[in-house]
Amino acid sequence: MKNHREYLMEDKQEAVRLDLKTDAATVERQARWAGIKPGMRVADIGCGAGKTTFHLNKLVQPGGQAVGLDIAEQRIEYARTHYSDESIEYLMADVRQPLEDLGQFDFIWIRFVLEYYLKGSFEIVENVARSLKPGGIMCLIDLDCNCMRHFGLPDRLSRATEGVMEWLEKKLNFDPYVGVKLYSFLYDLGFDEIDVSLSAHNMFYGSLKDNEKLISMSKAEIGGRNSGYPFEEYDGNFDEFLEEVKIFFNDARVFYYTPLIACRGIKP
Ligand SMILES: C[S@@+](CC[C@H](N)C(=O)[O-])C[C@H]1O[C@@H](n2cnc3c(N)ncnc32)[C@H](O)[C@@H]1O
């Protein structure tokens, strides 16, 4: 990915999608587990809509500060408009580039960003780790087997889903399995006191609530369309695929989730 236009989920409504799908209580639970504390200076790498930054900032008060970084002007503008606070700063930055100008942090959070870099995810963590103080905490959170734990998919939809995920790996540098690699990133960088947590992300089943349907459908629609995958399983290609996805998410027999891996460690 050379710039944000190549971000798989790029869309004029992406900031709104991220806002809707981000659960504040989950963010706070994950950050507390990782060791966030009042007074810390926090960096939120790939902050999207700014909702995560806002809740991380809440947890470092009193006395703390949060900096949200994103490559996309659209997301930074949305974050400034919707999730501002006097102790929050939002900056446009490509986190593959040197970040020394931003100063040093006590806590660095990278959630749902590394999956976009099958090649380059370790280098991002290595780069960002230079901005972490010795004794500071790095928290990496991402998915494993992304889009692969839907039970009961019709055969054709199952083949199309597998096809899309393989295509994303080969053509768009997307990593559906990055979660399983996070521990090795902190290990290879010599971090201490590494801890790992495994949980279910978006475990939806039965008659889905409106927001669960929206989260599920928008991911399939934007990711599927932007992938450029030809959807040859369907005579009507992408549109027919999307119709079948809709039927699947409207069936009360639906059950799916994605394994979510969180990994934290302390910089020596
Ligand atoms: C799926 S969103 C995750 C948002 C947020 N971290 C969360 O947990 O909900 C990924 C975000 O990372 C940003 N991003 C991707 N590559 C980036 C890069 N090289 N530098 C900065 N931001 C990047 C995208 O623009 C997008 O807003």
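**Close-up views of the predicted model**

View 1. A polar side-chain atom of D70 sits 2.7 Å from an oxygen atom of the ligand. The side chain of R75 places an N or O atom 2.8 Å from an oxygen atom of the ligand. From the backbone, an N or O atom of A93 lies 3.4 Å from a ligand nitrogen atom. Of the 600 Å² that the ligand exposes when taken alone, the protein buries 99%.

**View 2. The shell around the ligand.** The ligand is surrounded by 19 residues, and the closest are G46, D70, R75, R111 and Y117. By class, the shell holds 10 nonpolar, four polar and five charged residues.

**View 3. Strands 2 and 3 with the helix that connects them.** Strand 2 (residues 65-70) and strand 3 (residues 88-92) run parallel and are joined by five bridges. A66 has I88 of strand 3 as its bridge partner. Between strand 2 and strand 3 the chain passes through helix 4 (residues 73-82), giving a right-handed β-α-β crossover.

View 4. P62 belongs to the loop between helix 3 (51-59) and strand 2.

**View 5. Positive phi at F112 and C145.** F112 is not a glycine, yet its phi is positive, about 60°. This residue is in the loop between strand 4 (105-111) and helix 5 (121-129). With a relative accessible area of 13%, F112 is buried because it falls under 20%. C145, also not a glycine, has a positive phi of about 55° and lies in the loop between strand 5 (132-143) and strand 6 (150-151). C145 is partly exposed, at 22% relative accessibility.

Note on methods
Residues numbered from 1 in each chain as written. Predicted model: local features only at pLDDT ≥ 70, side-chain atom pairs only at ≥ 80, totals over all residues. Heavy atoms only, no water. Near = heavy atom within 4 Å. Polar contact = N/O pair within 3.5 Å; in protein donor to acceptor, adjacent residues only side chain to side chain. Areas by Shrake-Rupley, 256 points an atom, 1.4 Å probe, with all protein chains shown as cover. Nonpolar A, V, L, I, M, F, W, Y, C, P; charged D, E, K, R; others polar. Pairing = 2+ DSSP bridges. Helix = DSSP H or I, 4+ residues; strand = E, 2+ residues; numbered from the N terminus. Right-handed = clockwise from strand over helix to strand, strands pointing away. Buried < 20%, exposed > 50% of the residue type's maximum accessible area, 1.4 Å probe, protein only.
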